[in-house]
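Have the structure open as you read.

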Amino acid sequence: MKKIIILLSVFAASFVAVSCDSYLDIEPEGKIIPKTVDDYRKVLTTAYSIYPQHKSLTSLRTDEVFLDEESVDFASYREVAMWKDTNLDQSTTPFQWQAFYEVIFYTNQIINEGQDTMETSSDKNQLLAEAYALRAYAYFDLINLYGKPYNVSTADSDKGVPLNLSLDLEKTLAPSTVGEIYSQIHKDLEASASLMVLDQQALGINYRFSKIALASFNAKVDLYQQNWDSALNNANLALSINSNLIDLNSNKVLPNRYDSTESIMALDYNFTSALQSSTFASDELINSYDQENDLRFSVYFESNDNKYKILKGGSSDFKSTFRTTELYFIKAEALLKLNRLDEAKSTLNSVLKNRYTTEG
């Protein structure tokens, strides 16, 4: 029954996404089958649009926020904050396991069928590159949400998540290992790199993958696997395309906005409006800031009845997947692990001088 529900939901989402544009042929079997680059772009746009908001939910399981018990959405998030994952109340907002596999279904459709039906062009290559990258990103999030952290000595035996590269929704899938998932992530990233056309996406569609987003993603995967040389190389590659940092000494724009000069890719909704209105910053988070010299404090937080609201979220303007600040931090950590301490300090200070007062 669950498979039928998933199947119906996928086709329903497809129908909703295209109902206003009769751009697809309806085949005799009753299947809606895309054929052109424009067709598959709409399929991929649907995949991007339904990407889970799991990172917003996971914030409730950190020491950075606490729930407002008087908020209207308290019941929706109470059990998430309690780390309760079974026998949930009907009002509880669940993690979106199914949505990940719906995204993967769409990318599988583009990769498995689109290569044969789309005419050869740079647009086709770009589309396929994004599909490979998005599938890799979905599995990266899945394995780090539901699997064990990558450990080179145990990855080939640690339980991961089911791996499905086909369009068969009736297939029974056993969990693959953590090592197998990371191996597939690298295969997809290599396929994406061989096809990617655009260095960067235009503002407004920068939720899509590009060369700089792909390099940033590679750097993050390398970081998680502790491949320090590769992490450094990929961080440098991305920074060669965009190394901008917002200087809070002269500019009070929040760096994590989708239209910030630091933005590389803006797909993830990291802190939804419902969670922003339902939480306060924890004392641990507030006390970690030098409130006098750290310029981030006044733009990241707002005082509210002796508590603090977090301003880095609450609308789609704050969607953020990769940005330059993270690349500097990845680069600094890689340099540190490679025993290049002076370079690590210099890299870190490149960020700090834009976030602190001169005295700080």
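At 32% relative accessibility, aspartate 259 counts as partly exposed (buried means under 20% relative accessible area, exposed over 50%, partly exposed in between, with a 1.4 Å probe and protein chains only). Please keep in mind that this is a predicted model, in which local features need pLDDT of at least 70 and side-chain atom pairs count only at pLDDT 80 or more, while totals for chains, interfaces and linings use all residues. Residues are numbered from 1 along each chain as its sequence is written, and side-chain values use heavy atoms, with hydrogens and water left out.

**Salt bridges**

Aspartate 259 pairs with arginine 257 in a salt bridge (a side-chain nitrogen of Lys or Arg within 4 Å of a carboxyl oxygen of Asp or Glu). Arginine 257 is partly exposed too, at 22% relative accessibility.

| Arginine 257 | Aspartate 259 | 2.9 Å |

Lysine 211 lies in helix H8 (residues 211–225) and aspartate 199 in the loop between helix H7 (178–195) and H8, so their bridge ties together parts that are 12 residues apart in sequence. Helices (H or I, at least four residues) and strands (E, at least two) are DSSP runs, numbered from the N terminus. Lysine 211 is partly exposed at 35%, and aspartate 199 is partly exposed at 41%.

Are arginine 355 and glutamate 262 buried or exposed? Both are buried. Salt bridges with shared partners also join Arg78, Glu79, Lys84 and Asp89 into one network.

**Helix H4**

Which residues of helix H4 (residues 74–81) are buried? They are Ser76, Tyr77, Glu79 and Val80. Seen down the axis of H4, these buried residues fall within an arc of 155 degrees (taken from the directions from the helix axis to the C-beta atoms), so they line one face of the helix. They pack against helix H3 (54–58), strand S3 (65–67) and helix H10 (273–278), where contact means heavy atoms within 4.5 Å.

**Positive phi angles**

Most residues other than glycine have a negative phi. Tryptophan 83, in the loop between H4 and helix H5 (97–117), has a positive phi near 60 degrees and is exposed at 56%. Asparagine 306 has a positive phi near 65 degrees. Asparagine 306 sits in the loop between strand S8 (301–304) and strand S9 (307–310), and is exposed at 76% relative accessibility.
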